[in-house]
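Please read the following report alongside the sequence and the structure. It starts with confidence and overall architecture and then turns to individual residues.

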Amino acid sequence: MLVNEAFRTLAYANDGYKKFVEKRDPLLRDASEKAWLAVILATDLLLVTSGIGKPSSYKERKTCCEHS
């Protein structure tokens, strides 16, 4: 489910970062975006398993976490 997506996305980010380090490939931004997506997916998983539910936006994700 979401945890597998988060780990898969983080692996893609790590691969992109390694390419950047090796070749100074301009994929650093792409790797960073994938790493951030992994964080979002993991946060969604946490909110779903805690019973709050999956937020549909950044604003909802932030609001859920502030009031918990």
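Among the elements of the protein, which has the lowest mean pLDDT and which the highest? In this predicted model, helix H3 (residues 58–67) has the lowest mean pLDDT, at 67, whereas helix H2 (residues 28–49) has the highest, at 83. For the protein as a whole the mean pLDDT is 78, and 82% of the residues reach 70 or more. Where pLDDT is low, the predicted coordinates should not be read in detail.

**Overall architecture**

The protein contains three helices and zero strands, and along the sequence these elements follow the pattern α-α-α. Of the 68 residues, 21% are buried, and the accessible surface comes to about 5,100 Å², with carbon and sulfur atoms contributing 59% of that area. Among contacts with a separation of 6 or more, 36% are between residues 24 or more positions apart.

**Residues of helix H1**

| Residue | Relative accessible area | Class |
|---|---|---|
| Val3 | 36% | partly exposed |
| Thr9 | 11% | buried |
| Tyr17 | 44% | partly exposed |
| Phe20 | 18% | buried |

Thr9 has its place in helix H1, and with a relative accessible area of 11% it counts as buried because this value is under the 20% cut-off. When its neighbours within four places in sequence are left aside, Thr9 is in contact with Lys34, Leu37, Ala38 and Leu41.

Val3 itself is partly exposed, since its relative accessible area of 36% falls between the limits of 20% and 50%.

**The aromatic pair**

How many aromatic pairs does a search of the whole structure find? The search finds one, and it is formed by Tyr17 and Phe20, whose rings lie 6.5 Å apart from centre to centre.

Methods: Residues numbered from 1 in each chain as written. Predicted model: local features only at pLDDT ≥ 70, side-chain atom pairs only at ≥ 80, totals over all residues. Heavy atoms only, no water. Phe/Tyr/Trp six-rings, centres within 6.5 Å; stacked < 30°, edge-to-face > 60°. Buried < 20%, exposed > 50% of the residue type's maximum accessible area, 1.4 Å probe, protein only. Helix = DSSP H or I, 4+ residues; strand = E, 2+ residues; numbered from the N terminus. Contact = heavy atoms within 4.5 Å. pLDDT = per-residue confidence, 0-100. Areas by Shrake-Rupley, 256 points an atom, 1.4 Å probe, with all protein chains shown as cover.
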